[in-house]
Amino acid sequence: MKMREFYDKHKEMLWNEACEQHRVENIRKIKKFFTYEDIASRDIDDVKEVDVDLFINHLHKVEGLAKSTCNRYIAAISGFFKLAVKYRYIKDHLKIKQTKEILSRPRYFTEEEITKVNEILDNSRHPWVKHFFTLGLMTGMRKGEILSIGLDKEECKKQGKTYGVISKDRKIVHLHQTKNGHDRIVPLNDDANNALLALNDKPSSFYTQKSFYNTWQKAKKYVVGNDDNFVFHVTRHTCATTLANDHGVPTVLIAEILGHRSMETTKRYVHGKQKNLSAIMNQLTGISNNRGEKTNALG
């Protein structure tokens with residue numbers, strides 16, 4: 001039986017005990033797996049671990065997805081093949097190992113890097129990518145959340161997908177059915193609003209995966225050459241880091257902006273900027289000498 005045939009015949013049984021949003025997300029991941037090297041047309045017992053490894057490597061190296069996101073794809077694919085084993089289409093499910101995750105991105109975009117990225121995006125074949133970059137930096141939204149803005153509300157409700165609505169006064173985006181299951185209010189500043197206007201308030205109408213990632217890879221090569229952590233998701237880290245370092249915003253408020261349930265998650269997004277750390281340590285200048293003078297005076 002072909003992969004697509006198995007899916008069409010048994011899709012109602014895939015993750016049928018999971019919440020609707022989780023089920024929809026897993027099905028979306030399987031469909032993306034199907035498009036890689038025409039996996040959908042392959043016999044289900046002909047797909048091997050190496051095919052999954054190549055797909056996951058593509059997601060991480062080419063599309064720049066985080067290892068944690070890649071692991072969620074692995075979990076979805078494993079679930080698919082477990083059902084095939086249960087229904088005896090194959091004897092053993094694929095033994096796919098999840099990759100070791102980095103607990104947090106060990107970086108944020110510096111001001112110099114942001115300037116260079118904007119420069120290359122301005123002169124690219126797809127300058128609209130710059131508006132995505134601006135929205136990531138100015139709001140901390142995930143790329144998927146940016147793409148959800150302006151989508152058909154009713155259709156998204158049916159499919160359990162995230163959708164974003166811009167308020168009439170354009171001060172916020174109201175994200176519904178987000179990744180963690182809760183709605184979220186995202187404040188908009190002037191830069192974010194201008195980026196949305198440039199995208200006609202519907203970023204998905206400009207977006208194609210190939211154009212986005214090809215453009216991003218060129219920007220990455222221009223700015224840093226080879227750095228696996230130079231991915232779009234770092235805009236969220238940069239937003240959090242800037243709010244904490246440059247504006248003194250409390251972690252609890254940053255967590256609310258980013259949509260984190262756990263403060264521990266938010267802490268992994270906030271990095272100390274070098275100039276701020278240096279300024280803090282400069283406050284210690286002279287302490288050892290002053291202590292020596294006090295000791296001598298007492299002696």
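This is a predicted model: local features need pLDDT of at least 70, side-chain atom pairs count only at pLDDT 80 or more; totals for chains, interfaces and linings use all residues.
**Entry 1: Gly140 and helix H6**

H6 is followed by Gly140, and the phi of Gly140 is positive, near 75 degrees.

I then checked the length of the helix itself. H6 covers residues 128-139, and its 12 residues should span 16 Å at 1.5 Å a residue. I found its end C-alpha atoms 17 Å apart, which agrees with that expectation.

Next I asked how many of the residues of H6 are buried. The count is 9 of 12, and I therefore recorded H6 as mostly covered, taking buried to mean under 20% relative accessible area. The buried residues of H6 are Trp128, Val129, Phe132, Phe133, Thr134, Leu135, Gly136, Leu137 and Thr139.

I looked up Asp38 and noted a positive phi near 55 degrees in a residue other than glycine. Asp38 lies in the loop between helix H2 (20-35) and helix H3 (49-62). I listed Asp38 as partly exposed because its relative accessibility is 47%.

I looked up Gln177 in turn. Gln177 is not a glycine, yet its phi is positive, at about 55 degrees. I placed Gln177 in the loop between strand S2 (172-176) and strand S3 (184-187). With a relative accessibility of 23%, Gln177 counts as partly exposed.

**Entry 2: The nonpolar core**

I asked which residues have the most contacts inside the largest nonpolar core. They are Met3, Phe33, Phe80, Phe81 and Phe132, in a core of 64 residues. Helix H4 (residues 67-86) gives the most to this core, with 9 residues. I set beside this a general remark: in soluble globular proteins, nonpolar side chains tend to be buried together.

**Entry 3: The H3 and H4 pair**

I examined how H3 and H4 pack. Their axes are 10 Å apart and meet at an angle of about 150 degrees. I classed the two helices as roughly antiparallel, because angles over 145 degrees count as such. The crossing of H3 and H4 is right-handed.

Which residues of H3 meet H4? I listed Val52, Phe55, Ile56, Leu59 and His60 from H3, and these meet Lys67, Cys70, Tyr73, Ile74 and Ile77 in H4.

How values were computed
Residues are numbered from 1 along each chain as its sequence is written. Side-chain values use heavy atoms; hydrogens and water are left out. Helices (H or I, at least four residues) and strands (E, at least two) are DSSP runs, numbered from the N terminus. The expected span of a helix is 1.5 Å times one less than its number of residues. Buried means under 20% relative accessible area, exposed over 50%, partly exposed in between (1.4 Å probe, protein chains only). A nonpolar core is a set of buried Ala, Val, Leu, Ile, Met, Phe, Trp, Tyr and Cys residues joined through side-chain atoms within 4.5 Å. Axes are lines fitted to C-alpha atoms, for helices over the stretch in contact, and angles run from 0 to 180 degrees between N-to-C directions. Angles under 35 degrees count as roughly parallel, over 145 as roughly antiparallel, 65 to 115 as roughly perpendicular and the rest as oblique. A crossing is left-handed if the near helix is turned anticlockwise from the far one by less than a right angle, and right-handed if clockwise. Contact means heavy atoms within 4.5 Å.
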